[in-house]
Amino acid sequence: MAPSSTASTVKAYSVPVLLFGLGLFYQLFVLPRSFPPSHYDVLRIKRYSSIDQVKEAYEKFSSKWNSGEEIPSVEGFLKVQYAYELLSNPIWKRNYDIYGIDEQPHILDNVREQYGEQSFSEIALPLLDAVASDRGDHAFNVITSKDFPSTFDDSKPWLIQVYTNGSYRCSQFSDAWKTIAALLEGIANTGMVELGDIQLATYLAERKPLGQFFFRHGLPSIVAFPSGCKASGCMIRFEGELSVDAVTDWFATAVLSLPRIFYYTKESMGKNFLAKNGHHKVKVILFSKTGERATPFVRQISKSYWAYASFAFVLWREEDSSFWWNLFEVESAPAIVFLKDPGVKPVVYYGSFNNSWLSEVMEQNKQQELPQLRSITSRELGCDARRYSRAGSDTTIWYCVILAGRLSSELNKMRETIRRVQEKLSIHDESNAADTDQSLAPAAVAFGNKRLTFAWLDGEAQERYCSFYIFSETSFETCGPRRDITDVPQLFIVRYKRNATVDANKVDRAPKNIWDALQNEEVDPVSQLVVKYNGSNEIPQIIKWVSEIIQDGDSKDLPFYRAKTPELVPEDTEPIWSRGAQSIFSKSIGMKHMIHNIIGRCCDYVGDPRIGSALLLAALISFGAIYLMRSQKPAHQSQSDSQGQSSTEDETKQRRRRFREKSSSNRVQPPFSMTDVEPNDAYQMPLLDSDSE
């Protein structure tokens, strides 16, 4: 056989040979490692043998060792003893038979290191630690398969621990589970499932390609169900370290989609937190002595109040105490600080807190002392021509005093003045003394009845809204982008009046045409009258002006003027946690989890015995296909050779014919010839009768 023929044969059969080699390697090396000898194999009995059969097998080994008939090595003795103790315990045997759970595999390595090459008789027995199965002390909510369908009637998400009685690891984790359940109280439900509930435990377990149920990291295993879902498709499995911080952080981010609250130092507090968060938000700073991560409830509060406040953590150090005192007037930790308007003294609370207390304090301090009029606060403040007053839906007339201007020192001074106006009105309303200034009465009464609201407006961020109320040639000094160094904050009051008769007789009718539809959208249901303040910045003068406006607005029959108020522009972007949990994790953590999951899934399929058989079958099929193709090739090749030979002869004849024609056409003819054709205009002379003279 020629060398070229041998090389082509090897090349043709390279794929079947490669598949055969991979299949053989998988069957001889990979598959045995995926299915190591079981504890039943160590005792030389059938799998799933009864406990009595396990004891009988162990007695056979023991009698040989005690009689001296067979002296085992330390390694052999440990394997037999471990298998006997594991399979003679009913709970451990159940877990091993159904889910392949090996309770304490690390014991073998520890004993090997401890005893080394000593005699097996010196090894202390038993090897495994049995744990009491009574978990009534910390089984907060044990769920069974009977009550599992009704468990998810609550809208809250669920965190479930799968445990087993008699487990050393589950017993160690019990205290941590208590803490986790306490931290999730109020925002999530917690429950426990015992492995003996086969139906429910199987539902929560993972499944190998061959259908065997298992728990990848053993027990305890933690799974979570998001709110409103109990199907296995939306179940999220925890695969990290079993600690309080790791479990709660995973549940808060991956399941609840809650934001993280970061820690700041005295160097980063100003430039990374105070300067980067909006001026319209209250700054909430929590001082911690331990440096622990924010609890899920605190993170839930930060998510609920993200439009009102920004949150930060600070690790308290004694060497920094003077710095924090000078900055926020904080003496010790734990403490919570609320930073509000510029120039306003921080509000400080000391001591630890519970969830209900934090909710109440947050609701009390979510607004600045002089709240900002924004898209999310306009209805709450009553400064909205589409809604009702803060005093209630029955109130017909109410007022809103608005200070508009760009962020500047002048605006800060006026904000402080308006805050003092509020304080004076609140003090007057609380005293109700006869000798107080009666000129304050209309404003004080309206303020106490919540018919009067004070707010400030960012004229640059809310340019259209600001220009709508301050309609003048000098509105550019207050509204819109800063054009020069002049900043003039302006004060005005809006009188809102709701026509109860029109509302009562209002009938929802479809518009007859487009014009009617546009007319209905152009006006707000509540009437508005605007009055600008042109007096001094003295507090008594401002209060007097407000009282006069309220007195006239309540007593006089003023015109009912309706208009379309521009929408307030939202000042905050969409929070990151609303875009899903994947965006919350850092890139390194997300990549680590993804790689870990891919490796785990590949390991599951590596242990599939069907892979080796499939490789060998593919090798056999490809070998047969290539053989058939190569065996049919000579016949086709001879036929094609004959056809090729005949076609070659025909081409040769045609080539010769074309060559002869070409050579004959290129041959040179003489200038005159007898064979030339006579021209059309030629003349022939007639011949004479005789050729003599």
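**Close-up views of a predicted model**

View 1. Strand E1 covers residues 158-163 and runs parallel to E2, the two being joined by 6 bridges.

**View 2. Helices H9 and H11 on the sheet.** Helix H9, residues 168-183, packs on the sheet and touches E1, E2 and strand E5 (221-225). The direction of H9 makes about 170° with that of E1. Helix H11, residues 244-255, also packs on the sheet, where its contacts are E1, E5 and E6. Between the directions of H11 and E5 the angle is about 25°.

**View 3. The open sheet of 4 strands.** The strand order is E2-E1-E5-E6, and the pairing is mixed. Strands E2 (189-194) and E6 (236-237) stand at the edges; each has a single partner strand, so one side of each lacks a neighbour in the sheet.

View 4. Beyond its neighbours within four places in sequence, Lys93 is in contact with Tyr40, Tyr48, Ser49, Ser50, Ile51, Leu86 and Leu87.

**View 5. The buried residues of helix H13 and what covers them.** In helix H13 (residues 296-304), the buried residues are Pro296, Phe297, Val298, Arg299, Ile301 and Ser302. Their cover includes helices H9 and H11. Strand E7 (282-288), strand E8 (309-315) and helix H15 (355-365) are also among the elements that cover these residues.

Note on methods: Residues are numbered from 1 along each chain as its sequence is written. This is a predicted model: local features need pLDDT of at least 70, side-chain atom pairs count only at pLDDT 80 or more; totals for chains, interfaces and linings use all residues. Side-chain values use heavy atoms; hydrogens and water are left out. Two strands pair if DSSP finds at least two bridges between them. Contact means heavy atoms within 4.5 Å. Axes are lines fitted to C-alpha atoms, for helices over the stretch in contact, and angles run from 0 to 180 degrees between N-to-C directions. Buried means under 20% relative accessible area, exposed over 50%, partly exposed in between (1.4 Å probe, protein chains only).
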